[in-house]
Amino acid sequence: MTEGNYIDHRPWGSFEVLLLENGYQVKRIIVLPGQRLSLQYHRRREEHWFVVSGVGLATRGEEAIPVAAGVALDIPLGTAHRMQNTGDDPLVFIEIQRGDYLGEDDIVRLTDDYGRMPG
């Protein structure tokens with residue numbers, strides 16, 4: 001089943017589902033200046049991020065990784081992660097999710113700036 005092209009607005013910015021197929025999903029994620037996603041992990045999917053524009057700081061496990069356009073990161077299943085915009089312009093990255101379940105309710109939030117706990 002192919003679906004896609006809907007936008008979901010969040011306190012930190014927005015994401016657009018570009019493609020949803022059996023076993024994988026592709027999103028374009030925009031993080032507004034000074035904002036960050038929750039520190040989270042997933043039980044049923046892994047992710048791959050490719051930064052398109054902007055600058056930020058990615059957290060992957062215990063690592064803090066500066067990111068800018070052209071940087072790619074793998075986020076293994078069960079690994080705590082987050083993306084933060086440290087610049088003055090929107091941070092845009094493409095996220096490819098792969099797993100047997102891709103629903104938003106597979107987010108386990110560890111910390112969140114917007115009161116969305118637990119997850």
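Is R28 buried, partly exposed or exposed? R28 is partly exposed, with a relative accessible area of 32%; here buried means under 20% relative accessible area, exposed over 50%, and partly exposed in between (1.4 Å probe, protein chains only). This is a predicted model, where local features need pLDDT of at least 70, side-chain atom pairs count only at pLDDT 80 or more, and totals for chains, interfaces and linings use all residues. Residues are numbered from 1 along each chain as its sequence is written, and side-chain values use heavy atoms, with hydrogens and water left out.

**View 1. E16 and R28 form a salt bridge.** The closest N and O atoms of this pair are 3.3 Å apart (a salt bridge is a side-chain nitrogen of Lys or Arg within 4 Å of a carboxyl oxygen of Asp or Glu). E16 sits in strand 2 (residues 13–21) and R28 in strand 3, 12 residues apart; strands are DSSP runs of E, at least two residues, numbered from the N terminus. E16 counts as buried, at 14% relative accessibility.

**View 2. E46 pairs with R98 in a salt bridge.** Here the closest N and O atoms are 2.8 Å apart. Because E46 lies in strand 5 and R98 in strand 10, the pair ties together parts that are 52 residues apart in sequence. E46 is partly exposed at 30% relative accessibility, while R98 is exposed at 51%.

**View 3. E47 and R45 meet through their side chains in a salt bridge.** Their N to O distance is 3.2 Å. Both E47 and R45 are buried.

**View 4. D8, R10, K27 and E104 are linked in a network of salt bridges.** For the whole model, the count comes to 10 salt bridges.

Terms used. Helix = DSSP H or I, 4+ residues; strand = E, 2+ residues; numbered from the N terminus.
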